[in-house]
Amino acid sequence: MLKHLPNAMTCCNLLCGCVGIVAAFNNDLLLSSYLIVIAGIFDFFDGFVARLVKASSAIGKELDSLADMVTFGVLPSIIIYHLILESVPDLPSIWKCYFAFVIAVFSALRLAKFNIDERQTSGFIGLPTPANAFLIASIPVILRQHEDWAPYILNANYLIVFSFLMSFLLVMEVPLFALKFKGFGWKGNEIKYLFIGISAVLVILLNFAAMPPIIALYILLSVINNRSNSVRKTV
């Protein structure tokens, strides 16, 4: 039974994505956002449990990508679609909503690339789809907690630029570190512990509004880590 647990958790991830899509089309973007977070927990632990019970398999890898495509690709696109729909001033501008699905397209490219890219065994090349989804999931919650921010967020043109920016980050050729620990000592894990520590402080101070600076911090620390590794190799 333990051998089937990782795939069962992946299916729970997929189920969260499906329910989240229904919630989004019922105009409950908050529920959609929370389901992305819950799915992210399943996504993190399915791989962890698979390694723990030694149940890694080819079908598990493919199932994980298919689940991620729905939950972290299609569902975030639908959330942005509804946000743009809410922000368009009139019916002639409604065509702008469909730019949101560029995120789904580039998420598919990102996941397909990850499955065949041997460079991504211990880290990532480009922003992981769950990180992108968490950022998008934070937007409806931020709007709920900070209603006065709505004029700055609910702007169709801003949301379209945001969609293309995040799509670019998904496939950019920049190595990003993964929160995988071979050991828990400080040496070799400095960047990871620094990221976790600062992120925890940001969450305490800003709640869900911490997500955008956390993603920016993740990319910045990855670039710094890449430069440090390059310097070490040349010395």
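How many residues does helix H5 have, and how far does helix H5 reach from its first C-alpha to its last? Helix H5, residues 129-145, has 17 residues and reaches 25 Å, close to the 24 Å expected at 1.5 Å a residue. (The expected span is 1.5 Å times one less than the number of residues.) Helices here are DSSP runs of H or I with at least four residues, strands are E runs of at least two, and both are numbered from the N terminus.

Before going on, a word on the model. This is a predicted model, in which local features need pLDDT of at least 70 and side-chain atom pairs count only at pLDDT 80 or more, while totals for chains, interfaces and linings use all residues. Residues are numbered from 1 along each chain as its sequence is written, and side-chain values use heavy atoms, with hydrogens and water left out.

Back to H5. The helix bends by about 25° at isoleucine 139, and proline 140 follows within four residues. That bend is the angle between axes fitted to the seven residues ending at a position and the seven starting there. Of the 17 residues of H5, 14 are buried, so H5 is largely enclosed by the rest of the structure. Buried means under 20% relative accessible area, exposed means over 50%, and partly exposed is in between, using a 1.4 Å probe and protein chains only.

Now look at H3, residues 58-87, starting with its packing against H1, residues 5-25. H1 and H3 pack at an angle of about 15°, with their axes 9 Å apart. That makes H1 roughly parallel to H3. Axes are lines fitted to C-alpha atoms, for helices over the stretch in contact, and angles run from 0 to 180 degrees between N-to-C directions. Under 35 degrees counts as roughly parallel, over 145 as roughly antiparallel, 65 to 115 as roughly perpendicular, and the rest as oblique.

H2, residues 29-52, packs on H3 at about 160°, with the axes 11 Å apart. That makes H2 roughly antiparallel to H3. H2 passes H3 in a left-handed crossing, meaning that the near helix is turned anticlockwise from the far one by less than a right angle; clockwise would be right-handed. On the H2 side, the residues that meet H3 include Leu29, Ile36 and Asp43, and their H3 partners include Phe72, Ile79 and His82. Contact means heavy atoms within 4.5 Å.

At 9% relative accessibility, histidine 82 counts as buried. Leaving aside neighbours within four places in sequence, histidine 82 is in contact with Ala24, Phe25, Asn27 and Leu29.

H3 also packs with H4, again at about 160°, with axes 8 Å apart. H3 and H4 are therefore roughly antiparallel to each other. Among the residues making this contact are Met69, Phe72 and Ile80 of H3 and Ile103, Ala104 and Leu111 of H4. H3 passes H4 in a right-handed crossing. The buried residues of H4, among them Val102, Arg110 and Lys113, pack against H3, strand E1 (123-125), H5 and helix H7 (156-171).

Leucine 165 is in helix H7 and, at 45% relative accessibility, counts as partly exposed. Glutamate 147 sits in the loop between H5 and helix H6 (150-153), and counts as exposed at 62% relative accessibility.
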